[in-house]
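Q: I have a protein open on my screen and want to get my bearings. Can we walk through it together?
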Amino acid sequence: MVSFTADERAAVYKSIYARRDIRRFSDDPVSEETMARILDAAHHAPSVGFSQPWDFIVIEDGETKTEVAAIAERAIAAAREGYQEPRRSDFGALKLEGITDAPVNICVTCDPTRDAPHVLGRNTMQKMDAYSTCLAVQNIWLAARSEGIGVGWVSFLYPHELRDVLGIPYHVDPVAYLCVGYPRNGFPAEPVLQEQGWRDRLDGEQLIHYDEWNSEKAPQGR
């Protein structure tokens, strides 16, 4: 059995609590060795039926980044129109992507046909492949944070257009587009959207239920 020392255990929690969505990056390159460690951590994420449905497209080419950034710009503009003032102006003030700023972009994809049709554990919950892929994304985020590297997830993209730019096969789904690099201004103490007043963190205790939804019954000892 692999056990953790107190310091090792603290480091795991530190990475979790210190992780941030980063959108402003320095020009410092990320070494190949560091990227290899981060991607290897991603590949060691848990997956339903050990299906490992993910692939990782590592993007460093400036022209490709520019094409993807153009998609994001249009998607952000469209989203902005869905808000009324003053929320629309607040939205416009947010920096929502760092695609061309980050030295590395990673597109994480999900192949639902991998190991199909009989993926162990997916017969009743068909989206488990996508959920598994998100665990790989989380591993990227936490491993990168331990390396002092920031990650920003860009969700303002049109998947079919991203698929065309990156040559992703039709049956493969782009799940996450990540900007990766050293933060220009370090890691903020709080999530960026919380610092900028967009939204506060919810009270975690109110999100925990015991035995059934909205049950007020606390576990023994509480």
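Q: How many helices and strands are there in the protein?
A: The protein has seven helices and four strands. Keep in mind that this is a predicted model.

Q: And in what order do the elements run from the N terminus on?
A: The order is α-α-β-α-α-β-α-β-α-β-α.

Q: What does the C-alpha trace span along its principal axes?
A: The span is about 55 × 45 × 40 Å.

Q: Let's do helix packing. At what angle do the axes of α3 and α6 cross?
A: They cross at roughly 170 degrees. Helix α3 covers residues 62-80, and helix α6 covers residues 159-166. Their axes come within 10 Å.

Q: Parallel or antiparallel, then?
A: Roughly antiparallel, because angles over 145 degrees count that way.

Q: Which residues make that contact between α3 and α6?
A: From α3 come Thr 64, Glu 67, Val 68, Ile 71 and Arg 74. From α6 come Glu 161, Leu 162, Val 165 and Leu 166.

Q: How do those residues of α3 and α6 divide by class?
A: Five are nonpolar, one is polar and three are charged.

Q: What does Glu 161 form with Arg 74?
A: The two form a salt bridge. Their closest N and O atoms are 2.4 Å apart.

Q: What does that pair tie together?
A: Glu 161 sits in helix α6 and Arg 74 in helix α3, so the pair links parts that are 87 residues apart in sequence.

Q: How many salt bridges does a search of the whole structure find?
A: The search finds nine salt bridges.

Q: Another pair now. How do α1 and α5 cross?
A: Their axes cross at roughly 105 degrees and come within 9 Å. The two helices are therefore roughly perpendicular to each other.

Q: Which residues meet there, between α1 and α5?
A: Ser 15, Ile 16 and Ala 18 in α1 meet Leu 142, Arg 145 and Ser 146 in α5. By class, this contact has three nonpolar residues, two polar and one charged.

Q: Switching to pockets. How much space lies in the largest pocket?
A: About 520 Å³.

Q: What lines the largest pocket?
A: The lining has 16 residues. Arg 19, Pro 191, Leu 193, Gln 194 and Arg 201 lie nearest the centre.

Q: Which helices supply at least two residues each of the largest pocket's lining?
A: Those are α1 (6-18), α5 (128-146) and α7 (192-195). Helix α7 gives the most, with three residues.

Q: How does the lining of the largest pocket divide by class?
A: It has seven nonpolar, two polar and seven charged residues.

Q: What about the second largest pocket, what volume does it have?
A: Its volume is about 250 Å³. The second largest pocket is lined by 15 residues. Nearest its centre are Arg 23, Arg 24, Asn 185, Pro 188 and Val 192.

Q: And the classes in the lining of the second largest pocket? What are they?
A: Six residues are nonpolar, three are polar and six are charged.

Q: Now the backbone. Is the peptide bond from Glu 85 to Pro 86 cis or trans?
A: It is cis, with omega near 5 degrees. Pro 86 is in the loop between α3 and α4 (87-93).

Q: And the bond from Ala 116 to Pro 117, cis or trans?
A: The bond from Ala 116 to Pro 117 is cis, with omega near 5 degrees. Pro 117 is in the loop between β2 (104-110) and α5.

Q: Why point those out?
A: Because most peptide bonds are trans.

Q: Where does Phe 50 lie?
A: Phe 50 lies in the loop between α2 (32-43) and β1 (54-59).

How values were computed
Residues numbered from 1 in each chain as written. Predicted model: local features only at pLDDT ≥ 70, side-chain atom pairs only at ≥ 80, totals over all residues. Heavy atoms only, no water. Axes fitted to C-alpha atoms, helices over the stretch in contact; angles between N-to-C directions. Parallel < 35°, antiparallel > 145°, perpendicular 65-115°, else oblique. Contact = heavy atoms within 4.5 Å. Nonpolar A, V, L, I, M, F, W, Y, C, P; charged D, E, K, R; others polar. 1 Å grid on protein atoms, 1.4 Å probe; cavity = no way out; pocket = protein on both sides within 12 Å on 5 of 7 lines; lining within 4 Å. Points joined across faces, edges and corners; volume = space filled by probe spheres on them. Salt bridge = Lys/Arg side-chain N within 4 Å of Asp/Glu carboxyl O.
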